[in-house]
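Open the model in your viewer and keep the selection panel at hand. The stops below say what to pick next and what is there.

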Amino acid sequence: MFYRAAGIRHTRYESDRRLWRLPFDRWLVGAVVLLLLIAPFVVNSLYLGTYMLPWLVWATATLGLNLLMGGAGQVHLGYGAVMAIGAYGSVHLARAGLPFELVLLAAGFLSATIGVVFGAAALRVKGLYLAISTLAMQYLVDFVIVHVPAISGGTQATLQVPKITFFGMRVVSDVDNYYLALFVCALVTLFMLNVRRTSLGRALAAVREKDYAAEIIGVSTFRYKLLAFWVSSFIGGVVGCLFAFCYYKAVTPEQFHLELSIQLLAAVIVGGLGSVLGSFFGAALILLAPVILNNVIGAASRAFSLNVSADIAAHAPLMLYGALIVGFLLFEPLGLAKIYNNVRNYFVVWPFRHARK
Amino acid sequence: MKLNLRQYMAAGAVAAVSTFSSAVMAQEKVVKFGFPQDFTVVYTFVTAEYSQGQRDYLSLVNERGGIRGYKFSAEIVDHGSSVPRGIEAYERFKREGVVLIDPLSTPVARALVPRAMADKMNLIMAYSGRSDAADGTAFPYVMPLSTNYWSQAASLIEYISRQEKGDLKGKRIAFAYIDSGYGREPLPVLQELAKRKGFEFQGFPYTSPGNDQSAVWSNVRRFKPDWSIIWGAGAGQVVSIKEAVRNGIPTDRIASVAWLSESEMNVIGNDAAKGILKLEVVAGGREPKVIADIMKEVVGRGKGAGKAEIVGTTYYNMGVAMATLMVEGVRLALEKNPNAAPTAESVNEGLRSITKFTAEGLLPAVTISKTDHQGGGQSRVAQWDGRRWVARSDWFAADQDIVWQLIKASSEEFKKTGK
């Protein structure tokens with residue numbers, strides 16, 4: 001009833017291969033894009049600057065990691081380090097006077113160059129072993145940043161981010177930053193939506209499913225594993241630059257420690273491996289749920305004047321947060337994107353359940 | 001987008017509830033302090049006690065009728081040392097009209113500096129954060145209000161030098177530290193002092209969080225130090241002291257940075273490390289008058305924010321001390337503009353005109369000015385007698401010229417590039 005699939009026949013390959021084959025989906029996507037575009041005018045500035053902006057940035061990072069993990073089946077426990085390279089590289093380049101448009105790209109190239117070196121480990125090892133070698137990347141990069149004052153910024157290890165313009169527009173307020181993040185996020189999302197329909201995406205999928213089988217059918221695993229790391233690290237570097245310029249505005253080593261890598265890994269898994277929509281859901285849950293739970297529980301205990309000790313008040317949201325993640329994964333191991341898909345599948349034929357394929 | 005809508009609704013509900021409660025609060029004249037702190041992840045060893053001290057002192061002031069009719073309220077939320085959560089709390093509190101924010105977490109504080117400077121919001125960076133924020137000309141809205149790590153290192157060397165009758169020539173000083181920004185911070189001071197005073201100095205870094213330091217301490221033993229300085233926090237300090245004792249290093253030759261409290265000594269075993277020295281930036285114990293007053297007027301009347309046995313411990317007193325400075329800043333702001341409600345800007349003026357303030361014996365005489373946000377850099381040395389920390393010196397500051405050289409070098413760099 002909602003989706004009106006009846007009577008829609010795809011008679012040409014182009015229409016059959018569309019990203020969204022049902023008009024309802026297209027309208028839905030359009031509405032969401034519109035909402036994101038007008039958000040700065042309707043959403044309270046607090047929620048714009050501290051919920052939506054970081055959510056977009058985290059979601060873009062999750063997309064980049066998802067290309068590697070969901071697309072090519074390679075684990076990466078050092079994605080925070082990849083972003084750190086982009087962030088530090090971009091701040092130093094911007095301070096040296098490079099225009100921001102180039103800084104954004106240079107951050108990507110820098111991360112991609114270093115990321116692909118560590119990705120080379122994937123040519124030899126798989127699964128848990130790859131997880132450990134990428135973890136080594138995390139620690140190595142952390143160590144280098146902290147121990148080279150020229151990178152970290154002297155005794156205080158903080159780099160202030162210079163002011164920037166983007167194609168002639170000054171990026172100052174939260175609204176400017178939001179649109180910049182939205183722009184990059186949209187580009188990465190479009191890339192991710194389309195990549196699986198290209199030869200690259202299919203080659204990555206072949207490598208993901210069985211690398212030697214891929215080799216036998218003529219897909220060079222050497223080339224595509226490195227390419228997967230290269231592209232994913234490129235996105236990571238660009239997002240690292242966004243982290244620094246749009247959101248943190250001051251870069252310190254702690255921002256890119258293992259916690260960030262684990263957060264993004266969790267966002268990919270909770271959201272759904274390989275799913276674009278799932279990356280947005282996963283990032284939202286992992287990033288925003290602790291804050292929201294904390295505020296809800298705090299407000300509730302104030303409103304009902306519960307006299308809970310500070311210790312319990314601080315830890316209860318963490319327990320709920322953990323329970324939420326476990327709960328979602330128990331309910332649907334394939335992630336939040338799959339839950340959305342189940343709901344959508346239900347409504348596609350509703351109320352004619354028997355018509356479901 | 002289902003999940004997001006739901007989350008926004010939840011967030012909206014929170015906003016509605018909090019505006020409701022703030023409407024109730026608005027009935028009386030209230031000055032709000034924002035305390036987003038880390039109760040759950042990194043700073044767990046200090047936050048609960050520190051926060052209890054802050055709240056108890058504000059209760060004391062409120063019980064006595066406040067300052068010129070203004071009562072104080074502490075807005076508390078956990079940020080878990082996560083920068084996004086810290087930023088969210090900062091932006092929320094800013095909109096709720098707090099006059100200052102005390103995040104008590106180095107990563108969060110560092111990330112908030114550009115925002116606080118742009119918003120003209122007082123960012124308290126007590127006992128953490130950027131040491132160069134002592135330069136008030138470069139950081140007008142960043143307020144350390146406490147003896148920074150460079151001053152602490154200089155004071156420890158000064159104390160050691162006094163014990164050696166002023167002659168450190170040829171003495172060996174080991175410096176065992178956590179290998180992080182915080183741990184490496186005193187290195188330039190120690191290196192410079194080693195040059196000036198002619199002692200032999202060697203650093204022994206251990207990896208964060210410092211649960212295993214056995215290799216480090218056998219190296220320290222081989223170095224045969226006359227004195228050892230330990231520089232860590234929380235569990236790392238416990239391990240350092242245990243390993244030092246195990247390696248036969250005399251406890252009264254070990255001196256610690258200010259992050260060492262009764263609770264850590266209890267973990268080590270009260271008698272296991274008798275004689276350990278540490279630097280105190282705030283007087284410990286229940287003897288200072290403010291603490292005694294809190295015991296009588298707040299805790300004694302059942303209005304304490306936590307367990308009574310915490311009152312008077314190191315971190316508790318640090319919380320109280322910081323709250324006294326904040327309230328003093330508000331008092332001075334109200335003295336200047338008695339008819340206007342305190343704002344972040346007027347409190348900034350107030351904080352920057354605190355003069356020779358001792359909080360009735362809790363602090364060394366602290367003078368904050370538009371150029372000096374550190375407040376003099378004084379501290380004293382205390383020794384563990386198996387039960388409590390006993391002061392072993394008067395308040396003193398040492399080698400502030402080196403400290404200010406480092407502050408200026410770093411703040412000049414900030415001025416140049418922070419634009």
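Start at the contact between chain A and chain B: select 45 residues from chain A and 44 residues from chain B. Two residues are in contact if their C-beta atoms, placed from the backbone, lie within 7 Å. This is a predicted model, in which local features need pLDDT of at least 70, side-chain atom pairs count only at pLDDT 80 or more, and totals for chains, interfaces and linings use all residues. Residues are numbered from 1 along each chain as its sequence is written, while chains are lettered from A and ligands numbered from 1 in the order in which they are written.

Stay on the chain A side of this contact. The elements giving two or more residues are helix H3 (45-71), helix H13 (276-303), helix H14 (310-331) and helix H15 (336-349) of chain A. Helices (H or I, at least four residues) and strands (E, at least two) are DSSP runs, numbered from the N terminus. H13(A) gives the most, with 15 residues. Colour this side by class: 26 residues are nonpolar, 13 polar and six charged. Here Ala, Val, Leu, Ile, Met, Phe, Trp, Tyr, Cys and Pro count as nonpolar, Asp, Glu, Lys and Arg as charged, and the others, Gly among them, as polar.

**A helix pair in chain A**

Select helix H8 (residues 174-195) and helix H11 (residues 221-248) of chain A. Their axes come within 10 Å and cross at roughly 170°. Axes are lines fitted to C-alpha atoms, for helices over the stretch in contact, and angles run from 0 to 180 degrees between N-to-C directions. H8(A) and H11(A) are therefore roughly antiparallel to each other. Angles under 35 degrees count as roughly parallel, over 145 as roughly antiparallel, 65 to 115 as roughly perpendicular and the rest as oblique.

Show side chains where the two helices meet. H8(A) brings A:Asn177, A:Leu180, A:Ala181, A:Val184 and A:Val188. H11(A) brings A:Ile235, A:Val238, A:Leu242, A:Cys246 and A:Tyr247. By class, this contact has nine nonpolar residues, one polar and no charged.

**The domains of chain B**

Move to chain B. Colour domain 1 (30-147 + 285-377) and domain 2 (149-280 + 380-407). Domain bounds come from an automatic or database domain assignment. The C-alpha centres of the two domains of chain B lie 27 Å apart. Between them, 16 residues of domain 1 are in contact with 18 residues of domain 2. The domain 1 side divides into five nonpolar, nine polar and two charged residues.

**The five-stranded sheet**

Next, pick the open sheet of chain B with the order E2-E1-E3-E4-E5; its pairing is parallel. Two strands pair if DSSP finds at least two bridges between them. Which strands stand at the edges? Strand E2 (71-78) and strand E5 (142-143) do, each with a single partner strand, so one side of each is left without a neighbour in the sheet.

Zoom in on strand E1 (residues 30-37) and strand E3 (residues 100-101) of chain B, joined by two bridges. B:Phe33 stands opposite B:Leu100 in E3(B).

**The crossing helices**

Select helix H11 (residues 289-299) and helix H12 (residues 314-336) of chain B. Their axes come within 11 Å and cross at roughly 100°. H11(B) and H12(B) are therefore roughly perpendicular to each other. B:Val290, B:Ile291 and B:Ile294 in H11(B) meet B:Asn317, B:Val320 and B:Thr324 in H12(B). This contact has four nonpolar, two polar and no charged residues.

**The seven-stranded sheet**

Last stop: the open sheet of chain B with the order E7-E6-E8-E9-E10-E11-E12 and mixed pairing. E7 and strand E12 (389-391) are the edge strands, each pairing on one side only. The twist averages 30° from one strand to the next.

Centre on strand E6 (residues 172-178) of chain B, where six of the seven residues are buried (20 or more other C-beta atoms within 10 Å of a residue's own; exposed means 12 or fewer, partly exposed in between; C-beta atoms are placed from the backbone). Seven bridges join E6(B) to strand E7 (residues 200-206), running parallel. Look for B:Phe175 opposite B:Gly203 in E7(B). Five bridges join E6(B) to strand E8 (residues 227-231), also parallel. There, B:Ala174 stands opposite B:Ser228.
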